[in-house]
Amino acid sequence: MKKTSKKLFISLSAFLLAAVMFLSTAKQTEVQADSPYRTYTVDGYGSVTETQTAYLPYATITKIGEEALVGPTDFTITKDGYMYILDSGNKRVVVSDMEGNLIKIFGQDTLVNPFGIYVTSDHTCYVADRDARSIQVFNADGEFINAYGKPNHPLYGETLDFLPKKVVVNDSGTMYVICESNTNGIVQISPVDGGTFLGYFGTNNTSASLWRIIWRAIQTDAQRAKSQGNIPSTPDNMAIDDKGLIYTVTRGEQYDTLKRLNIAGTNMIEADAYEPVPAATAVGNHDNVFVASTQGYIYEYNNDGELLFVFGGLDNDQNRIGLSSKVEAIQIGMDDKIYVLDSDDARIQVFEPTEFTQLLHEALYLFSKGRYTESKAPLTEVLEMNNLFDYANMAMGKALVQEENYEEAIKYAKLAKDWDTYSDAFWEIRNEWLKDNLVTVILVIVALWILKKLLEFFDEKYGILELPKELLEKFGNLKLIKEMRYMFFFMRHPIDGCYGIKREKKVSVLSANVLLVIGIAFYIINKYFCGFLFKDVREGDFDIFSDMGLIIIALLLVTGCNYLMCTINEGEGKFKHIYCSLIYSFAPYLVFMPFIFAISHVITYNESFFVTFPTLFMWAWIALLVFISIREINNYTIKETVKIIGLTIFTILIALLLAFIIYVLGSQVIDFVQSIFREAVYKIGN
């Protein structure tokens, strides 16, 4: 799916959370089918939009048996249905079933300040104990069997401490450890020979803004030594899937907040939305992945990083089921329930997928495995519940392409704003049309050519076209038409064209205004009715009057500011000359745009060059004409012209700033007057 500017930033602070809630009064409390939050997704245009409720609060676990949790920092769920909870405040591991019934407790005699836990399929438990500076290992009975401390290897870093906070383990027993303040990446430790350091893994990239680069370049060595270095971020949490791929979340990495790292440490996922303060990540059962934020928001992505849902939120000390105070970890049960650990409230919240989500998961899994035809049945049910859910429309479109049902695929691709699928389906439809109609098209072209030759022959012999030619000549000699046709000369000979505008009165304000109206019409038609692959506005969204107003205001602002600067700097052009020459400088737009518009309807993504290149060429031509017109109308040198353009841009910015200030002050005055009026009415009424 098409992304916007490497996709987009979702601001969760803008979410409106509903006030429906139920208080937890027991160890585990069932709740009604209402949620104290709204569910959102990202549509094909990159905008956040509300959608069907994906998960409902199902239960909350506040105690394990009769054991209360104190400051839990991590937990994990085994495939056979056990929860291992790191009860950090009590320095122990608490094991329960999925309903919160106590199974066993261990580790209280060895753990110091544990932060992370991982349990293998044979119930071997690994605990990342920061203050013990080790990974402590317990067997299935909870007995301590080993500890892995700081790697004794020069590549680890002699001055670096070993403060493990999170750990996962692959099938071969290799440990992946996130250490506090270690910016080199995830530490890899093999269990061989009591713990062998294998190197660092998945190091985050560093980046620097242009301002930072310039600032460091002008600093002295002493200043540079005191300033903060540009070092990579340490991951905050991680998870591992059945294939051994590592998923990490890191604050401050924006669209690289979530990563899926292969064996070489290369990121294999690009999320189209990111969470600024991620707490944890978990892998789902349907090639999906979850990210939980510290503030309680839960994101669900498909295998390609496309956002399916985001829901949840901050509780604000009101103890509402489904909202959290401080999330530490997230896990997914084999039944697709989501389990979220809240350290401040010392509880685990459970979310149950709705029927809508279950159907989507089924379709998601089938589609990811290439079973497109089978995925159509659950996708159809999803679309019956919400026919505007973009991911379902996208998947349906792709499934129909695989079935070679291209006409239907295009319909779903349009609904999903899935440009890639649309392009593929349109390419096939166009091929079929050409196969069926190519001979007819050639015959029509030949017939038109023959008709042209016949008309030329009979006109030369009998003059049958004399009257139409005479009428056409009279029409072309009309003053307004001649002035409008001057744009073709202006395009090819801008220097002489400017002389004609300034000295010979070849154009008028009326002709310039007519060209302006035509240009606005072309802009609006292209914006709202161009080919689907090149359309940036929503289907059915029309804001024509705003478009017209913005173009006219921008034109007058540029013309006025340029005239002001030219007048101050001894320019020779009058306002009329500058206005007309500026509009005539956009003649390439009037010539090229109809062709670009037509081409946009008949090409695919692979041929987008036929739209992008003419468009770039057109704007380059316009920029050159604008530069020449400013220079010739005012009789400037090239250096003076560059100066005037810079001053014009600066003046425009000042004018916009003044307009903004006037708008703000005017709004405040209006609010003040309205408040006085309301107060007067209130007092008169009493």
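Trainee: Which residues are buried in helix α6?
Mentor: In α6, residues 406-416, they are Tyr406, Ala409, Ile410, Ala413 and Ala416. Buried means under 20% relative accessible area with a 1.4 Å probe, protein chains only. Helices are DSSP runs of H or I, at least four residues, numbered from the N terminus.
Trainee: Why do they line one face of the helix?
Mentor: Down the α6 axis the buried residues fall within an arc of 130 degrees, so they line one face. The arc is that of the directions from the helix axis to the C-beta atoms.
Trainee: What do they pack against?
Mentor: The buried residues of α6 pack against α5 and α7 (419-462); contact means heavy atoms within 4.5 Å.
Trainee: What model is this?
Mentor: A predicted one, where local features need pLDDT of at least 70, side-chain atom pairs count only at pLDDT 80 or more, and totals for chains, interfaces and linings use all residues. Residues are numbered from 1 along each chain as its sequence is written, and side-chain values use heavy atoms, with hydrogens and water left out.
Trainee: What follows α6?
Mentor: Lys417, whose phi is positive, near 55 degrees.
Trainee: Switching topic. At what angle do α4 and α5 pack?
Mentor: Helix α4 (residues 372-385) and helix α5 (residues 390-402) pack at about 145 degrees, with axes 9 Å apart. Axes are lines fitted to C-alpha atoms over the stretch in contact, and angles run from 0 to 180 degrees between N-to-C directions.
Trainee: Which residues in α4 meet α5?
Mentor: Among them are Tyr372, Leu379 and Leu383 in α4, and the α5 side includes Ala392, Met396 and Leu400.

Key. Helix = DSSP H or I, 4+ residues; strand = E, 2+ residues; numbered from the N terminus. Buried < 20%, exposed > 50% of the residue type's maximum accessible area, 1.4 Å probe, protein only.
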